[in-house]
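Biologist: I have not looked at this one before. Can you take me through it, one piece at a time?

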Amino acid sequence: MTKTRTPPAPGATKRATLKTIAELTGLSLSTVSLSLRGGTTLKEETRRKVAEAAASVGYVPDRAGVRLRTGKTNVIALVLDGAEDSIDFSRYLIQGIGHAIKGTRYHLTVIPEFARNYSVDSVRYILDNRTADGVIITHTGARDPRVKLLMDSDFPFVSHGRTEFFTPHPYHDFHSELFAEMAVERLVAKGCSNLMLLIGDDRTNNYHNIVTAFERTAARLKVETRVMDHSTGITAADTRAFAQELANGPNRPDGIVCGGEMRAISVVAGLTAAGAKVGKDIQFISKQTSDILWSLFPQVDTIEEDVYAAGLELTRLLLRRIEGEPAETLQTLAEPIPHWRD
């Protein structure tokens, strides 16, 4: 009995396959497949030819089929802390990761986290269901349970932030100790002797690194210090009110270091509203992750973390880990970039 094929509906297009690309390029199926998997043994001309053909026909890998054949998902998962107080942190980080995986076989899945207790639920779901080939996590704690779970499972991951585990794991981190040291030295060089550090989120290892380096550098330079970390979780209006009270208080600092831009904007606004001239009456330095703070208060010194570059580096490290490179060779620090305004 002869079967009748139903013709495609008007306007319908057939899904592009490896065979489609092979026919267009004149290459074998195995060469096309290897090229689309990022095969570095192929000539650059061959890889470019395949990539152009794939783009021209709108080729999209069948993830279900890939997973059945290889056990791989071709997915990187970013478990992103949603409580970050740095402006544009998430956007720049995702842009960096996206740029790093462009032209590779990998796609990005973003999983926002809003819990304040380092929940392992998202990581456990990824592990139990194998929904990704590797994981990037942010805002690590000293004994972060997510890191422990991933290490115990021998699953490829990289953290944006260090931990205190003895077992090495891949990480890329902002050199926060150098940030604090540079800030204190800058303020003392400008004549300050009574310094305050405004910082939140004492869950993170980054918090403890900054506080320790701040106090150590101040002790070396023989200046007074205070650490105010009560700003975690309070509103911008509350922070602004705190700064106004601080400006009119009996023991007003002459130099302030702030660990995040959003908090810094509220503090500078409060100091200004109280009549204090930032950069003259009170020297001020903040960590910078965008151009917003400088645009609003061009007199404020900042020390930048390039979050876009962090996204690139985190992805580079993770892909190397997925390929089996040892964890102890995948640990890097980003140097702070000072922006002194005078």
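Modeller: One term to begin with: contact means heavy atoms within 4.5 Å. On that basis, Thr-31, Val-32, Ser-35 and Leu-36 in α2 meet Thr-46, Arg-47, Val-50 and Ala-54 in α3. By class, those contact residues of α2 and α3 are four nonpolar, three polar and one charged. Keep in mind that this is a predicted model.

Biologist: At what angle do the axes of α2 and α3 cross?

Modeller: At roughly 90°, with the axes coming within 9 Å. Helix α2 covers residues 29-36 and helix α3 covers residues 44-56.

Biologist: Let me step back. How many helices and strands are there in the protein chain?

Modeller: The protein chain has 13 helices and 12 strands. It has 342 residues, and 47% of them count as buried.

Biologist: And what share of the contacts with a separation of 6 or more comes from residues 24 or more positions apart?

Modeller: Such residues account for 67% of those contacts in the protein chain.

Biologist: Next, α8. How many residues does α8 have, and how far does it reach?

Modeller: Helix α8 has 14 residues and reaches 20 Å from its first C-alpha to its last. That is close to the 20 Å expected at 1.5 Å a residue. After α8 comes Gly-191, with a positive phi near 100°.

Biologist: Which residues of α8 are buried?

Modeller: Ser-176, Glu-177, Phe-179, Ala-180, Met-182, Ala-183, Val-184, Arg-186 and Leu-187.

Biologist: How do α8 and α9 cross, right-handed or left-handed?

Modeller: The crossing of α8 and α9 is right-handed. Their axes come within 8 Å and cross at roughly 35°. The contact of α8 with α9 divides into nine nonpolar, four polar and four charged residues.

Biologist: What lies in the loop between α9 and β7?

Modeller: Lys-222 is in that loop, with α9 at 205-221 and β7 at 224-228. Its phi is near 60°, a positive value in a residue other than glycine.

Biologist: Is Lys-222 buried or exposed?

Modeller: Lys-222 has a relative accessibility of 73%, so it counts as exposed.

Biologist: Which other residue other than glycine has a phi near 60°?

Modeller: Asn-74 has a positive phi near 60°. Asn-74 sits in the loop between α4 (63-70) and β1 (75-81). Its relative accessible area is 9%, so Asn-74 is buried.

Biologist: How far is Asn-74 from Leu-108?

Modeller: The two are 34 residues apart in sequence, and 8.8 Å apart in space from C-alpha to C-alpha. Leu-108 belongs to strand β2, residues 107-113.

Biologist: What does Leu-108 contact, leaving aside neighbours within four places in sequence?

Modeller: Leu-108 is in contact with Ile-76, Leu-78, Ile-94, Ile-97 and Ile-101. Leu-108 is partly exposed, because its relative accessible area is 25%.

Biologist: Now to α10 and α11. Where in the chain are they, and how do they cross?

Modeller: Helix α10 is residues 236-248 and helix α11 is residues 261-273. Their axes come within 7 Å and cross at roughly 40°. That makes α10 oblique to α11. The crossing is right-handed.

Biologist: Which residues of α10 and α11 meet?

Modeller: Ala-236, Thr-239, Arg-240, Ala-243, Gln-244 and Ala-247 in α10 meet Arg-263, Ser-266, Val-267, Ala-269, Gly-270, Leu-271 and Ala-273 in α11. Seven residues in this contact of α10 with α11 are nonpolar, four are polar and two are charged.

Biologist: What covers the buried residues of α11?

Modeller: The cover includes β6 (194-198), α10, β8 (255-258), β9 (283-288) and α12 (292-296). Among the buried residues of α11 are Glu-261, Ile-265, Val-267, Val-268 and Leu-271.

Biologist: How long is α11, and what follows it?

Modeller: Helix α11 has 13 residues and reaches 18 Å from first C-alpha to last, close to the 18 Å expected at 1.5 Å a residue. Gly-275 follows α11, and its phi is positive, near 95°.

Conventions:
Residues are numbered from 1 along each chain as its sequence is written. This is a predicted model: local features need pLDDT of at least 70, side-chain atom pairs count only at pLDDT 80 or more; totals for chains, interfaces and linings use all residues. Side-chain values use heavy atoms; hydrogens and water are left out. Axes are lines fitted to C-alpha atoms, for helices over the stretch in contact, and angles run from 0 to 180 degrees between N-to-C directions. Helices (H or I, at least four residues) and strands (E, at least two) are DSSP runs, numbered from the N terminus. Angles under 35 degrees count as roughly parallel, over 145 as roughly antiparallel, 65 to 115 as roughly perpendicular and the rest as oblique. A crossing is left-handed if the near helix is turned anticlockwise from the far one by less than a right angle, and right-handed if clockwise. Ala, Val, Leu, Ile, Met, Phe, Trp, Tyr, Cys and Pro count as nonpolar, Asp, Glu, Lys and Arg as charged, and the others, Gly among them, as polar. The expected span of a helix is 1.5 Å times one less than its number of residues. Buried means under 20% relative accessible area, exposed over 50%, partly exposed in between (1.4 Å probe, protein chains only).
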